[in-house]
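Work through the exercises below with the structure open. Try each task before you read its solution.

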Amino acid sequence: MGYNDIILTLLEFLGTFAFAISGIRHAAAKHFDWFGGYVCGIAVAIGGGTIRDVMLGTTPFWMTDPIYIICTAIALVFVIVFAKHMEGLRNTWFVFDTLGLALFTIAGIQKSLAFGQPYWVAIIMGCITGSAGGVIRDVLLNNEPVIFQREIYAMASVLGGISYWFLDYFHIPLELTVIVSFSLICIMRFLAVRYHLSLPTLKDETKDNA
């Protein structure tokens with residue numbers, strides 16, 4: 001296994017755990033049972049990566065190694081064991097979700113590039129990898145998908161991908177490129193939530209003119 005493959009595997013594993021925690025936590029807020037929580041966790045953890053791999057024409061990553069399924073089970077046990085502390089760790093779950101977004105965005109970009117895709121495709125694939133699982137989770141929970149809400153989410157993923165492209169264009173070392181892009185996505189999410197930053201909303205001209 002090459003150096004890039006090791007980094008990609010590590011990113012996908014960490015992203016899986018982070019997103020699984022986020023999905024299970026959302027299921028707990030809806031009072032789902034353990035199985036329902038696991039389904040939500042796995043949907044977030046592998047949903048985006050599965051869509052990416054299908055579009056790239058390769059076997060979905062979780063079908064070649066059971067570690068991702070096991071990782072989600074560990075996340076479920078983690079949430080169950082620390083259930084009494086869930087409310088006090090609300091900010092922690094936001095951090096997990098943000099880490100998952102950043103990690104999976106970078107993993108999606110790297111895997112797309114490894115399959116010979118151009119950068120503009122890799123950026124889209126990174127966004128899909130990072131955010132599509134959350135959409136599936138929200139649909140299962142009957143919530144409005146987070147990417148359609150006003151807070152900056154998928155846009156942070158896109159800008160992180162663009163920064164990855166920019167740094168690679170100037171031949172910045174891979175390790176530094178990953179760190180900078182990862183940090184940019186996280187910082188954008190943290191600042192957006194902290195200062196209530198959002199993109200402009202569309203206007204309904206029909207209602208405005210009524």
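**Exercise 1.** Find the residues that touch the most other members of the largest nonpolar core.

Solution. The model is predicted. Start with the core itself: the largest one has 15 residues. Ile21, Ile24, Ile46, Ala75 and Phe96 touch the most other members. Next, ask which helices supply the core. At least two of its residues come from each of α1 (3-29), α2 (34-56), α3 (67-81) and α4 (90-114).

**Exercise 2.** Name the contacts of Ile46, leaving aside neighbours within four places in sequence.

Solution. Phe61 and Trp62 are then in contact with Ile46.

**Exercise 3.** Decide how α2 is oriented relative to α3.

Solution. First, take the distance: the two axes come within 10 Å. Second, take the angle: α2 and α3 cross at roughly 130°. Third, classify it. Roughly perpendicular ends at 115 degrees, and roughly antiparallel needs over 145.

**Exercise 4.** List the residues through which α2 and α3 meet, then sort them by type.

Solution. From α2, take Trp34, Tyr38, Gly41, Ile42 and Ala45. From α3, take Tyr68, Ile69, Thr72, Ala73, Leu76 and Ile80. Now sort. Nine residues of this contact are nonpolar, two are polar and none is charged. Gly counts as polar here.

**Exercise 5.** Is Thr16 buried or exposed, and what does Thr16 touch?

Solution. Locate the residue: Thr16 lies in helix α1. Check its relative accessible area, which is 0%. The cut-off for buried is under 20%, so Thr16 is buried. Then list the contacts, not counting residues up to four places away in sequence. Thr16 touches Ala45, Phe61, Tyr68, Cys71, Thr72 and Phe104.

**Exercise 6.** Is Arg189 buried or exposed, and which residues surround the answer?

Solution. Arg189 is found in helix α7 (residues 174-194). Its relative accessibility is 2%, so Arg189 counts as buried. Again, residues up to four places away in sequence are not counted. Arg189 then touches Phe94, Asp97, Thr98, Leu101, Glu151, Ile152, Tyr153 and Ala156. Look at one of these, Glu151. Arg189 and Glu151 are 38 residues apart along the chain, yet 8.4 Å separates their C-alpha atoms.

Definitions and conventions: Residues are numbered from 1 along each chain as its sequence is written. This is a predicted model: local features need pLDDT of at least 70, side-chain atom pairs count only at pLDDT 80 or more; totals for chains, interfaces and linings use all residues. Side-chain values use heavy atoms; hydrogens and water are left out. A nonpolar core is a set of buried Ala, Val, Leu, Ile, Met, Phe, Trp, Tyr and Cys residues joined through side-chain atoms within 4.5 Å. Buried means under 20% relative accessible area, exposed over 50%, partly exposed in between (1.4 Å probe, protein chains only). Helices (H or I, at least four residues) and strands (E, at least two) are DSSP runs, numbered from the N terminus. Contact means heavy atoms within 4.5 Å. Axes are lines fitted to C-alpha atoms, for helices over the stretch in contact, and angles run from 0 to 180 degrees between N-to-C directions. Angles under 35 degrees count as roughly parallel, over 145 as roughly antiparallel, 65 to 115 as roughly perpendicular and the rest as oblique.
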